[in-house]
Amino acid sequence: MSKEILKLGIMGGTFNPIHQGHLVTAEVVRDEFKLDKVIFIPSGKPPHKDNNEIVSSDHRWMMTVLATISNKYFSVSSIEVKKKGESYTRDTILELKKIYGEASDCYFITGADVIAEISTWHKVKDLPKLTKFIAVSRPGYKLDINKIDSRFRKCTYLIEVPALAISSTEIRKRVKGRQSIKYLLPEAVESYIYKNSLYL
Ligand code: ATP
Ligand code: MG
């Protein structure tokens, strides 16, 4: 086993579907922080009734693979998808460290909306020991260090990424309304959505 310490970007999300906002964010952060890899981790499907808008984990995993295939630094992990229900970020990072080495230098990438809610996550106490956070700007949300839970401020970097006001919610609405989604996400993902009649 190599002793090299890897700098790992971890990009968690529902990816329902993955879009250019996710991809530009991951690539800008990878480049700026000189990360060896960015691992996209689609979430499992939470077993709640109000989640019928979320397509299956298999579809979201496949779309994430299609979207990231052309970037040699990107990979997709099925850690959370395999668990089906909800996963804790802490457990996911511990599993990644088992795979890539306990000393791996982890950077968890989130948008401004997600970092603001971090104190509502479960089992967050240990997180600052396991990973750093990179909070990126996102149109419609304010990126403010004072809005971030004080336990995480020391291990959080704030960075500006080119603004893309794209969300999966907007893409799902557009598909349902038979509006074009061209250029909002990779062409292969667009084709996959139509081929499998997703979001109709
Ligand atoms: P939904 O509308 O279904 O919530 P989403 O577009 O917010 O979807 P998620 O899968 O929820 O996508 O987001 C995964 C991560 O990517 C989150 O940390 C989120 O803040 C970030 N993110 C999503 N879209 C953008 C964007 N356009 N710019 C920057 N960050 C983004
Ligand atoms: Mg979201």
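Ligand 1 has 22 residues around it, with His19, Asp113, Leu164, Ser168 and Thr169 the closest; a residue counts as near if one of its heavy atoms lies within 4 Å. Keep in mind that this is a predicted model: local features need pLDDT of at least 70, side-chain atom pairs count only at pLDDT 80 or more, and totals for chains, interfaces and linings use all residues. Residues are numbered from 1 along each chain as its sequence is written, chains are lettered from A and ligands numbered from 1 in the order in which they are written, and side-chain values use heavy atoms, leaving out hydrogens and water.

**Where the ligand sits**
- Ligand 1 is found in the largest pocket. On a 1 Å grid over the protein atoms alone, a pocket is an open set of points where a 1.4 Å probe fits, with protein on both sides within 12 Å along at least five of seven lines; to sit there, a molecule needs more than half of its atoms within 2 Å of the grid points.
- β1 (7–13), α1 (20–33), β4 (105–111), α5 (112–115) and α8 (168–176) are the elements giving two or more residues to the shell. Helices (H or I, at least four residues) and strands (E, at least two) are DSSP runs numbered from the N terminus.

**Polar contacts with the ligand** (N or O pairs within 3.5 Å)
- Asp113 puts a polar side-chain atom 2.5 Å from an oxygen atom of ligand 1.
- For His19, a side-chain N or O atom is 2.9 Å from a ligand 1 oxygen.

**The loop between β1 and α1**
- Phe15 is in this loop and pairs with Phe40 of strand β2 (residues 37–42), 25 residues apart.
- The Phe15 and Phe40 rings are tilted, at 5.9 Å centre to centre and 50 degrees between the planes. Ring centres must lie within 6.5 Å to pair; planes under 30 degrees apart are stacked, over 60 edge-to-face, and the rest tilted.
- Pro17 belongs to the loop too, and a cis peptide bond, omega about 0 degrees, joins Asn16 to Pro17.

- Lys123, in the loop between α5 and α6 (127–130), has a positive phi near 50 degrees.
- Most residues other than glycine have a negative phi, and most peptide bonds are trans.

Conventions:
Polar contact = N/O pair within 3.5 Å; in protein donor to acceptor, adjacent residues only side chain to side chain. 1 Å grid on protein atoms, 1.4 Å probe; cavity = no way out; pocket = protein on both sides within 12 Å on 5 of 7 lines; lining within 4 Å. Phe/Tyr/Trp six-rings, centres within 6.5 Å; stacked < 30°, edge-to-face > 60°.
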